[in-house]
Amino acid sequence: MNDLLLTNLETVPGRRIIEHYGLVSGSTVRAKNVGRDIAASLKNLVGGELKGYTELLAEARNEAVLRMNAQAAAMGANAVVNVRFSTSSVAQGAAELYVYGTAVRVE
């Protein structure tokens, strides 16, 4: 993996943006599995963190960021600013995780 700077700020503090490449994004659609659903159902009885779903979302975030980074690197960027995450339900039991930002080159 390349070493892109990612920030949710509009600029990179201490660095000057010298080129702007435009919008980059990455997404993935993930479905729950039966094992995680059963574990989550049991956890609903006693309360607490749904670790299976937490792991699923962490994996989805990482995959979406990797895809966005690959797009930014292909454009020649060394940073992505204004990074944002979004989720949406695309089907029963499946959700999309979407990440986007602005690819730039900084000094």
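A salt bridge is counted where a side-chain nitrogen of Lys or Arg lies within 4 Å of a carboxyl oxygen of Asp or Glu. Under this criterion, glutamate 63 forms a salt bridge with arginine 67, with 2.9 Å between the closest N and O atoms. The structure is a predicted model, in which local features need pLDDT of at least 70 and side-chain atom pairs count only at pLDDT 80 or more, whereas totals for chains, interfaces and linings use all residues. Residues are numbered from 1 along each chain as its sequence is written, and side-chain values use heavy atoms, with hydrogens and water left out.

The secondary structure is described in terms of helices (H or I, at least four residues) and strands (E, at least two), taken as DSSP runs and numbered from the N terminus. Four strands form an open sheet of mixed pairing in the order 1-3-4-2, where two strands are said to pair if DSSP finds at least two bridges between them. Strand 1 (5-6) and strand 2 (17-31) each have a single partner strand and stand at the edges, so one side of each is left without a neighbour in the sheet. Helix 2 (residues 51-75) packs on this sheet and touches strand 1, strand 2, strand 3 and strand 4 (94-106), its direction making about 145° with that of strand 2. Contact here means heavy atoms within 4.5 Å, and the angle, on a scale from 0 to 180 degrees, is taken between N-to-C directions of axes fitted to C-alpha atoms, for helices over the stretch in contact.

In general, the strands of a sheet pair through backbone hydrogen bonds, either parallel or antiparallel. Strand 1 pairs with strand 3 (residues 79-91) in the parallel sense over two bridges, and leucine 5 stands opposite alanine 79 in strand 3. Strand 3 is in turn paired with strand 4 in the antiparallel sense over ten bridges, while strand 2 and strand 4, which also run antiparallel, are joined by 13 bridges. Asparagine 82 counts as partly exposed at 25% relative accessibility, on a scale where buried means under 20% relative accessible area, exposed over 50%, and partly exposed in between (1.4 Å probe, protein chains only).

A search of the whole structure finds three salt bridges. In one of them, the side chains of glutamate 107 and arginine 16 meet at 2.9 Å, N to O. Because glutamate 107 lies in the segment after strand 4 and arginine 16 in the loop between strand 1 and strand 2, this pair ties together parts that are 91 residues apart in sequence. Another salt bridge is formed by glutamate 59 and arginine 30, whose closest N and O atoms are 3.8 Å apart. This pair also links distant parts of the chain, with glutamate 59 in helix 2 and arginine 30 in strand 2, 29 residues apart. Glutamate 59 is partly exposed, with a relative accessible area of 38%, as is arginine 30, with 25%. The pair of glutamate 63 and arginine 67 lies within helix 2, where the two residues, being four residues apart, are separated by about one helical turn. Both are partly exposed, glutamate 63 at 25% relative accessibility and arginine 67 with a relative accessible area of 40%.

A nonpolar surface patch of about 570 Å² is made by Val34, Ile38, Leu42, Leu45 and Val46. Patches consist of residues with over 30% relative accessible area and no salt bridge, like charges being joined within 9 Å and nonpolar side chains (Val, Leu, Ile, Met, Phe, Trp, Tyr) within 5 Å; the accessible areas come from the Shrake-Rupley method with a 1.4 Å probe, and for residues only the protein chains shown count as cover. Leucine 42, placed in helix 1 (residues 34-46), is exposed, with a relative accessible area of 53%. Glycine 47, in the loop between helix 1 and helix 2, counts as partly exposed at 34% relative accessibility.
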